[in-house]
Amino acid sequence: MKVAVLALQGAFIEHENMLNELGVETIELRQKKDCFEEFDALVLPGGESTVMGKLLRELDMFDILKDKIEKGMPVFGTCAGLLLLAGNIENDYRKHIGLMDITAERNAYGRQLGSFETVSKFKGIGEIPMRFIRAPYIKNIDDESVEVLSVVDDKIVAAREKNMLVTAFHPELTDCNEVHKYFIDNMCNI
């Protein structure tokens, strides 16, 4: 199995490290030609969704990756990656890849000072550490096909729909690789 990690901006190295710990080969997507390499799944890391969305279009990668996801390629989006996949973003006029039937709220916990860590339940895993940095959350589930995987303080912070998994938090910034393992075991081997 080979997983591509979008490496335009954000916490992509940390995802690569987590996946490598699990014995998964990774490649970085930095330019259009990288999108034509063979890979089985995709990670959209945390960072700045506006910048990533802009770069995906400017580098002519957007349509290629959206098409792969629409055709069923497993994708895991964390924080900004959640926003890239969200069908609607409550407090932002932009829409990016927009394939997941969720409405997200951008910077829902406020600025950098609103960042926090907690331990909470994740369906199918148990309790795990969660790090939220200028995080969004899922305000609404817009289709019954979306499965809620984790809720913190009455806010949905992890969900899956078909081939898409999203977390509002950054599992790659903890010492727990269980969410990455969940992605590989439950989303990539379907």
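Mentor: A polar contact is a pair of N or O atoms within 3.5 Å; within protein, one must be able to donate a hydrogen and the other to accept it, and residues adjacent in sequence count only if both atoms are side-chain atoms. This is a predicted model, where local features need pLDDT of at least 70, side-chain atom pairs count only at pLDDT 80 or more, and totals for chains, interfaces and linings use all residues. Residues are numbered from 1 along each chain as its sequence is written, and side-chain values use heavy atoms, with hydrogens and water left out.

Trainee: How many helices and strands does the protein have?

Mentor: Elements are DSSP runs, numbered from the N terminus: helices are H or I with at least four residues, strands are E with at least two. By that count, the secondary structure comes to five helices and 12 strands.

Trainee: Why does the radius of gyration agree with a compact globule?

Mentor: The radius is taken over C-alpha atoms, and the globule rule is 2.2 Å times the number of residues to the power 0.38. For 190 residues that rule gives a value near 16 Å, so the protein agrees with it at 15 Å.

Trainee: What box do the C-alpha atoms fill?

Mentor: The box is taken along the principal axes. Its sides are roughly 40 × 40 × 35 Å.

Trainee: What share of the residues is buried?

Mentor: Buried means under 20% relative accessible area, exposed over 50%, and partly exposed in between (1.4 Å probe, protein chains only). Among the 190 residues of the protein, the buried share is 53%.

Trainee: What share of the contacts joins residues 24 or more positions apart?

Mentor: A contact means heavy atoms within 4.5 Å. Take the contacts with a separation of 6 or more. Residues 24 or more positions apart account for 65%.

Trainee: Which residues of helix H3 are buried?

Mentor: H3 covers residues 62-70. After it comes Gly72, with a positive phi near 110°. The buried residues in H3 are Phe62, Ile64, Leu65 and Ile69.

Trainee: Is Ser150 buried or exposed?

Mentor: Ser150 sits in strand S10, residues 147-152. Not counting residues up to four places away in sequence, Ser150 touches Lys121, Phe122, Met130, Lys155, Ile156, Val157 and Ala158. The relative accessibility of Ser150 is 2%, so it counts as buried.

Trainee: Which backbone oxygen lies 2.7 Å from the side chain of Ser150?

Mentor: A polar atom of the Ser150 side chain makes this pair. The oxygen belongs to Lys121.

Trainee: What is the relative accessible area of Asp154?

Mentor: Asp154 lies in the loop between S10 and strand S11 (155-161). Its phi is positive, about 65°, although Asp154 is not a glycine. Asp154 is exposed because its relative accessible area is 78%.

Trainee: Is Arg134 buried, partly exposed or exposed?

Mentor: Arg134 lies in the loop between S8 and S9. Its phi is near 45°, a positive value in a residue other than glycine. At 33% relative accessibility, Arg134 counts as partly exposed.

Trainee: How far is Pro136 from Leu83 in space?

Mentor: Pro136 is in the loop between strand S8 (126-132) and strand S9 (137-141). Pro136 is buried, with a relative accessible area of 1%. In sequence, Pro136 and Leu83 are 53 residues apart. In space, C-alpha to C-alpha, the distance is 7.6 Å.

Trainee: Which residue has its backbone oxygen reached by the side chain of Lys95?

Mentor: Lys95 is in the loop between strand S5 (86-89) and strand S6 (100-105). With a relative accessible area of 48%, Lys95 is partly exposed. Leaving aside neighbours within four places in sequence, Lys95 is in contact with Arg57 and Gly87. The oxygen reached, at 3.2 Å, is that of Gly87.

Trainee: Which backbone nitrogen lies 3.2 Å from the side chain of Thr174?

Mentor: Thr174 is in the loop between strand S12 (164-167) and helix H5 (178-187). At 16% relative accessibility, Thr174 counts as buried. Its side chain reaches the backbone oxygen of Pro171 at 2.9 Å. The nitrogen, 3.2 Å from a polar atom of the Thr174 side chain, belongs to Cys176.

Trainee: How far apart in space are Thr174 and Met130?

Mentor: Leaving aside neighbours within four places in sequence, Thr174 is in contact with Met18, Pro129 and Arg131. Thr174 and Met130 are 44 residues apart in sequence. Their C-alpha to C-alpha distance is 7.3 Å.
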